[in-house]
Amino acid sequence: CVAVGSADAARIRTEYLRDNEQYVAASLAMLKDIRHLSRKWNIFCDNLYRFDKCRDNVTAWMQVNTGWRARCTDEHMERYRGAPLRVEANLVFNNPAVAIEVGLLEVLRFHIEEKGVDANRRFWNGFNSDNVHLSNDLLIKLALFRGDIDILDFLLSVDGFDFTSMNEVENDEQEHDLVVNCFADRLSLVNERCFETFIRHPKVNVDALDREGRTPLCVVLDLLDLWTSRDDGLFAPTSARMSSVVGRILVLLEVGADPHA
C-alpha cells in the first residue's frame with residue numbers, strides 16, 4: 001500500500017477479489033476438520049481467531065461481489081446443509097449455521113427474512129457438527145457459542161422464535177442443557193455478554209429443568225461445590241473462572257431464579 005498508494009491499493013484489492021471464489025473457499029478451508037483439532041467441546045474456545053479471520057475475508061469479498069445473494073438457491077441450500085460439509089465458496093451463502101459460525105449477520109438475516117429459513121428448526125450442520133454422527137445444531141446454540149451479540153440479538157428478535165424448542169428431547173439429549181450445562185459445567189462456552197442477553201430475555205425460563213431435574217442455578221452451585229470440595233488440583237478454578245461463575249449466579253438471582261427450585 002505504501003509503495004503504490006492507497007487508491008491504487010484499493011483498486012488492486014478490488015480486482016483481486018472480484019469473482020475470486022477460491023479466496024472464499026480458501027478462507028473456509030481454515031475451518032475444515034476444526035472439530036477434530038479443538039481440544040474443547042466448543043470449537044470456538046481454541047479457534048476464535050480462525051473464525052474471525054474467515055469472517056473478515058468473506059466480508060471483504062462480499063463488499064466487492066455485491067451480487068452474492070444470487071448464489072443462495074433452494075438447490076444450493078439442500079446441497080450445503082448437511083455433513084460432511086462441502087467446503088466450497090457457496091457454502092457460507094447457503095448454510096445459516098455456517099453463516100453464524102463465521103459471524104455473517106447480513107447473510108443470516110437474508111436466509112431468515114428472504115429465504116424463509118426457520119430459526120427454530122434443527123436442519124443444518126455447521127463446522128461445530130461437521131460429522132455424520134453428530135445431530136444438527138440449533139441456530140441459537142451456535143450463536144451463543146460463537147459469542148456474536150448482534151447475531152444473538154437478531155435471532156431473539158425473530159418473529160415466532162420458539163424458546164420452548166430448546167427444551168425438546170433430541171437423540172436422548174435435552175436441549176435445556178443449552179441453558180444449564182453450557183453456562184456452568186462446560187466453562188467458557190458462552191461469553192458474559194451473550195449469557196446476560198440470553199438469560200435476561202423475558203421468554204427464557206430460568207427455572208427450567210434439565211434431564212437430571214436441575215435448574216441453571218443448581219448446576220452453577222454444583223460446580224462451585226465441586227471446585228471447593230476437590231483438593232487434587234484437577235478442578236482448581238482460575239480467579240477469572242471463579243469470578244465468572246459467581247457473576248452468573250448473581251445474574252440468575254437478579255432475573256428471578258428460584259433458589260429453592
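Biologist: Which classes of residue make up the lining of the second largest pocket?

Modeller: First, the general idea: rolling a probe the size of a water molecule over the atoms shows where empty space is left. In this predicted model, the lining of the second largest pocket has five charged, four nonpolar and one polar residue. Among the lining residues are Asp74, Glu78, Lys115, Asp118 and Arg121, and Met77, Val117, Phe123 and Trp124 line this pocket too. Gly116 is another lining residue. The pocket's volume is about 180 Å³.

Biologist: Thanks! Now for a helix: which residues of H10 are buried?

Modeller: A residue counts as buried when its relative accessible area is under 20%. In H10, which spans residues 149–157, the buried ones are Ile149, Ile151, Leu152, Phe154, Leu155 and Leu156.

Biologist: What do the buried residues of H10 pack against?

Modeller: Their partners are four helices: H7 (96–102), H8 (105–113), H9 (139–146) and H11 (192–199).

Biologist: Why does cysteine 72 count as buried?

Modeller: Cysteine 72 counts as buried because its relative accessibility is 5%, and the cut-off is under 20%. Cysteine 218, with a relative accessible area of 24%, is partly exposed.

Biologist: And how many disulfides does the count come to?

Modeller: The count comes to zero disulfides.

Biologist: What about the protein overall?

Modeller: The secondary structure comes to 13 helices and two strands, and 48% of the 261 residues count as buried.

Terms used
Residues numbered from 1 in each chain as written. Predicted model: local features only at pLDDT ≥ 70, side-chain atom pairs only at ≥ 80, totals over all residues. Heavy atoms only, no water. Buried < 20%, exposed > 50% of the residue type's maximum accessible area, 1.4 Å probe, protein only. Contact = heavy atoms within 4.5 Å. 1 Å grid on protein atoms, 1.4 Å probe; cavity = no way out; pocket = protein on both sides within 12 Å on 5 of 7 lines; lining within 4 Å. Points joined across faces, edges and corners; volume = space filled by probe spheres on them. Nonpolar A, V, L, I, M, F, W, Y, C, P; charged D, E, K, R; others polar. Disulfide = S-S within 2.5 Å.
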